[in-house]
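Please look over the structure below before reading on. The notes that follow are grouped by topic.

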Amino acid sequence: MSGKKVARSSRGRLSPIDFLFHYEFTVHFLIFVSLILIFAILSPGHYFISPKNIQDFLALAPEFSIIVLGVGMLMICGEFDLSIGSIIAFDAYIMVRLFEITGNLFLAGFAALGVGVLLGLLNGLITVKGKIPSFITTLGTMMLWRGLVYLLTGGYSIPFTPETSPSFSNIFVGEIGPVPVQIVWFTIFGLILLMLLHLHKFGNWVFATGNNKEGARAMGINTDMTKIICFAIVGLLSAFVAITISVHHRTFYALMGQFYELKAIAASVVGGTSLFGGIGSMPGIILGALIIPLIENGLILLRIEYYWVYIFYGLIIISFTILSRYMEKKRLEEI
Amino acid sequence: MEEKLVETRNIHKWFGKVHALAGVDLEVGYDEIVGLVGDNGAGKSTLIKVLIGYHEPDRGEIYFEGKRVNFASPADARKMGIEVVYQDQALAPDMSISRNVFMGKEPTGSLGFLDRRKMDTESMKALERIGLHLRSPDVAVATLSGGQKQGVAIARVLYFRAKLVILDEPTIALSIKEARQVLKFVENLKEERISVIFITHNLYHIFPIADRFVVLSHGKKVGDLRKESTSIDKLSELIVSG
């Protein structure tokens, strides 16, 4: 073993995949911290680290970050989901309309979650059974659901009054003391998926399917089911986010979730996930999921024109992928 | 007659008009290493695919441990203890040795969470049994040499109590040192009372360790010789002229 230190968690050694990525994780973590410092120093009045901004960030960022958790895991499994933004919009529409019709928020919310899972399953089934690259499947479903939403709403927004049921709203946008519940949800989902990916046998199947699908099948792993489950998780998280956004902003609007799919892929790549599948880690994905909104927040506070954000995304994806490959090469040389 | 581990009797297989296997009788005894040799297109891969249930034979029977068997799929064959180590070894390069050894058969505690301590210790033990000494079960398989990768794949089938291990060109593209390492692993398999079918082009590799040679040519068996009664030159001659 080369002379790298192994970080040991209190629960015992992290899984072997994490071991490989501790080296890379440290780099990502340093980048995360550096960004915070840069924005803290440069933002007018150091507003970036003011309690108000931190609280706003912790409330808003999860509206994006939660989905990245699922998207990252799906990418490790070797697939992409470009339809997440459209699932968000369609799901939010379903919930808001059901609430209009039934007046029952919990029913509408459950239905939305169910629809999300179903749409995810659909993506998975078409990809796996139709043997179509997920890129193409989800490109299709992306347009399908978004198109349907436009058709049904004419592009108009629909107001939403979740405050009629504070118990429902508080689940998604309440506060626990000073802490917005959204970040608590992000932490919960993050921990669940961390355990699933790195400590559970399903996670082993996810990595194997992404790293050597034919080999995994030869070993008896049901790669089809593994992929379908990952798609379903993405669908569920999309639905959760759809509900959160609708409750937070008290509206449905047809453009909800726009560009989420590319941002989520960028966030996963920033977190060390390979675009080729089989490589990645949940700690990295969690970091990447936070870094992207962090950069957006920082740029806004620095009064930098918003369009620069997209240039940043492009640069980030390219440079992080190059960095990952470089570090992988170095790692192989050392051993 | 002494019971054989595996017997195929009069196996025929057609692919369209191509008569890929024309009445092949293959036997593998207990604790035996059989070298399955022959030129390209001789039918070696096809015979194996029929044996493990990937293809159904058009004619003929297969017997395993004395009983007639009919494998519907490779999964059936695996349940009976027949394992194949493919050329790419079905290993995930960026996953650790222990995760690879237990791929698809992960030992778990409650609720399906991995028993990682068991995975680590058992995978190292399995490697030791075939004579592969590595420092840690945590390293990614991609960092191993070609010979070591074959070792991991072989240790895997050993751990899961294979009775018959089929190796498909295991020494191809390996350096001389690595090839010798793999041959040692195979000999250790025999010591573990596991029989081996070793498919290869390279007579120099298989000759030292095999007990018997089965030579195929154009879908037919043209030779079935114990090592004592033949030589590399004679086998070569059979392959080419048979």
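In which sense do strand β9 and strand β10 of chain B pair, and over how many bridges? Strand β9 (residues 212-217) and strand β10 (residues 220-226) of chain B pair in the antiparallel sense, over six bridges. The model is a predicted one.

**The hairpin of chain B**

- Across the pair, B:Val214 stands opposite B:Asp224, which belongs to β10(B).
- Between the two strands of this hairpin there are two residues.
- B:His218 takes a positive phi in the hairpin of β9(B) and β10(B), near 50 degrees.

**The six-stranded sheet of chain B**

- Strands β9 and β10 belong to an open sheet of six strands in chain B, in the order β6-β7-β8-β3-β9-β10.
- The pairing in this sheet is mixed.
- The edges are held by β6 (82-85) and β10 of chain B; each has a single partner strand, so one side of each has no neighbour in the sheet.
- On average, neighbouring strands of this sheet are turned by 20 degrees against each other, direction ignored.
- B:Ile82 has B:Leu164 in β7(B) as its bridge partner.
- As background, strands of a sheet pair through backbone hydrogen bonds, in either a parallel or an antiparallel way.

**The four-stranded sheet of chain B**

- Chain B also has an open sheet of four strands, ordered β2-β1-β4-β5, and its pairing is antiparallel.
- Its edge strands are β2 (18-28) and β5 (67-69) of chain B, each of which pairs on one side only.
- From one strand to the next, the twist averages 30 degrees.
- Strand β1 (residues 6-15) of chain B is joined to β2(B) by eight bridges, and the two run antiparallel.
- In that pair, B:Val6 stands opposite B:Val28 of β2(B).
- Helix α1 (residues 44-51) of chain B packs on the sheet and touches β1, β2 and β4 (59-64) of chain B.
- The direction of this helix makes about 65 degrees with that of β2(B).

**Helices of chain A**

- Helix α8 (residues 181-199) of chain A has 19 residues, which at 1.5 Å a residue should span 27 Å; its end C-alpha atoms are 26 Å apart, so the two values agree.
- Buried residues of α8(A) include A:Ile183, A:Phe186, A:Phe189, A:Leu193 and A:Leu197.
- An α-helix has 3.6 residues a turn, so residues three or four places apart point the same way.
- Helix α4 (residues 84-102) and helix α6 (residues 134-153) of chain A pack at an angle of about 35 degrees, and their axes are 8 Å apart.
- The crossing of α4(A) and α6(A) is left-handed.
- Among the residues that make this contact are A:Gly85, A:Ala89 and A:Tyr93 of α4(A), and A:Trp145, A:Val149 and A:Leu152 of α6(A).
- The residues of the contact of α4(A) with α6(A) are nine nonpolar, four polar and one charged.

**The contact between chains A and B**

- Chain A gives 25 residues to the contact and chain B gives 27 residues.
- On the side of chain A that touches chain B, the elements giving two or more residues are α1 (16-42), α9 (201-211) and α10 (213-218) of chain A.
- α9(A) gives the most to that side, with six residues.
- The residues on that side of chain A divide into 16 nonpolar, eight polar and one charged.

Definitions and conventions
Residues numbered from 1 in each chain as written. Chains lettered and ligands numbered in written order. Predicted model: local features only at pLDDT ≥ 70, side-chain atom pairs only at ≥ 80, totals over all residues. Expected span 1.5 Å × (residues − 1). Buried ≥ 20, exposed ≤ 12 C-beta atoms within 10 Å, placed from the backbone. Contact = placed C-beta atoms within 7 Å. Nonpolar A, V, L, I, M, F, W, Y, C, P; charged D, E, K, R; others polar. Pairing = 2+ DSSP bridges. Axes fitted to C-alpha atoms, helices over the stretch in contact; angles between N-to-C directions. Left-handed = near helix turned anticlockwise from the far one by under 90°.
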